[in-house]
Amino acid sequence: MKYFKILVVTLFFLTSNLYAQKVSITYNVTSNASDEILSLSAKYNLYINGSTSAYYSNNDDSKKYEDQLFIVDTDKIGGFKEVNIADNYTGYLVQDLFYKDYNESTLIYNELIGTKKVIIKENINLVDWTIESDSKKTILEYECLKATGTFRGREYEAYFAPALSQRGGPWKFDGLPGVILSVRSLDGYYVIEPLEIVKNTTDISEISNVYNKEKLISWDTYKSNFKKWMVKQLKKIKSRSESGENGSIEITDRVEDLEIGKLSF
């Protein structure tokens, strides 16, 4: 019985230690990954500190987020710059920040409707994963298990490392018994790969919720408001068109399906 108690305490300590890990991961994120001309890549950092995490874009011209406030210049969040990818095709690099509170099971992040910044709140566990424990591979010296899931119009394959941390992941991906290191959509559109992992880093202090004074909206509200914005843009196109001309507007390049079809006049 004494041995059993010691074993339970040891397991509890090991599990608690994994939840308390301070982990820093740098990712390379690519959208339109299967298109050599239109693909766009950016670096993101993930900081995990116990019950909270922050995942943010680290563009070349952005200031690194650090110290106890974690975010020095919150005005940068939601800011964007245009990038000329190809003829008649412009992409956008947006200063993103995804804040997760595991005690509250909440995910809060910024989005754009046109050029207007909005803040969205969702549940952390957005993907219904299926773990394939027989499929393993090593990523940056960590043994990872494979999981698959469907999320807002795309099927994904992810690899997570239980030995690194008991939770966490880039972007909106989470909900596996280990930190997610690699994700790719099966259609080749969206790819997230780790570049560097730092365990027990001293760079991470308290991760504050920089959105605590912001107005939060739901994902459904965001979709509804986005559609209203598209309708407004369509009316502008129609007002500049000749009598009898037809026109349309459609979302064709986005990671998530907003469930808004083509709008026409």
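How exposed is Glu155, judged by its relative accessible area? Glu155 is partly exposed, at 47%. Buried here means under 20% relative accessible area, exposed means over 50%, and partly exposed lies in between (1.4 Å probe, protein chains only).

This is a predicted model: local features need pLDDT of at least 70, side-chain atom pairs count only at pLDDT 80 or more, and totals for chains, interfaces and linings use all residues. Residues are numbered from 1 along each chain as its sequence is written, and side-chain values use heavy atoms, with hydrogens and water left out.

Start with the whole chain. The protein chain has two helices and 16 strands. Helices (H or I, at least four residues) and strands (E, at least two) are DSSP runs, numbered from the N terminus. Of the 265 residues in the protein chain, 45% are buried. Contact means heavy atoms within 4.5 Å. Among contacts in the protein chain between residues at least 6 apart in sequence, 54% join residues at least 24 apart.

Back to Glu155. Glu155 belongs to strand β11. Not counting residues up to four places away in sequence, Glu155 touches Gly149, Thr150, Arg184, Ser185 and Leu186.

Next, the interior. A nonpolar core is a set of buried Ala, Val, Leu, Ile, Met, Phe, Trp, Tyr and Cys residues joined through side-chain atoms within 4.5 Å. The largest such core has 53 residues, and Phe173 and Leu181 have the most contacts inside it. Apart from it lies another core of ten residues, including Ala54, Tyr99, Ile119 and Val210. In soluble globular proteins, nonpolar side chains tend to be buried together.

Now the rings. A pair of aromatic rings is described by the distance of the centres and the angle of the planes. Rings of Phe, Tyr and Trp (its six-membered ring) pair if their centres lie within 6.5 Å; planes under 30 degrees apart count as stacked, over 60 as edge-to-face and the rest as tilted. The structure holds 14 aromatic pairs. In one of them, Tyr27 and Tyr55 have ring centres 6.1 Å apart and planes at 75°, so the pair is edge-to-face. Tyr27 lies in strand β1 (residues 22–31) and Tyr55 in strand β3 (residues 52–57), so the pair ties together parts that are 28 residues apart in sequence. Both Tyr27 and Tyr55 are buried.

Phe151 and Trp171 form another edge-to-face pair, because their ring centres are 5.9 Å apart and their planes stand at 75°. This pair links distant parts of the chain, 20 residues apart: Phe151 is in strand β10 (residues 142–151), and Trp171 is in the loop between β11 (154–161) and β12 (179–185). Phe151 is buried, at 3% relative accessible area. Trp171 counts as buried too, at 7%. Ring pairs link Phe151 and Trp171 with Trp129, Tyr156, Phe173 and Tyr190 into a cluster.

Charges also meet rings. A charge sits over a ring if NZ of Lys or CZ of Arg is within 6 Å of the ring centre and within 35 degrees of the ring normal. The charged end of Lys137 sits over the ring of Tyr159, 4.4 Å from its centre. Arg154 lies over the face of Tyr189, at 4.1 Å from the ring centre.

Turn to helix α2. The expected span of a helix is 1.5 Å times one less than its number of residues. For the 21 residues of α2 (residues 219–239) that gives 30 Å, and the end C-alpha atoms are 30 Å apart, which agrees. The buried residues of α2 are Trp219, Tyr222, Lys223, Phe226, Met230, Gln233 and Leu234. They cover an arc of only 115° around the axis, so they lie on the same side of α2. That arc is taken from the directions from the helix axis to the C-beta atoms. The buried residues pack against β7 (106–113), β8 (116–123), β14 (216–217), β15 (248–249) and β16 (263–264). The face turned away from the buried side carries the exposed residues Asp220, Lys228, Lys232, Lys235, Lys238 and Ser239.

What does Lys223 contact, leaving aside its neighbours within four places in sequence? Lys223 is in contact with Leu258, Glu259 and Ile260. Its relative accessibility is 13%, so Lys223 counts as buried.

Last, a loop. Leu140 lies between β9 (130–139) and β10. Its phi is near 50°, a positive value in a residue other than glycine. Leu140 is partly exposed, at 38% relative accessible area. Glu141 lies in the loop between β9 and β10. Glu141 has a positive phi of about 75°, although it is not a glycine. Glu141 is exposed, at 77%.
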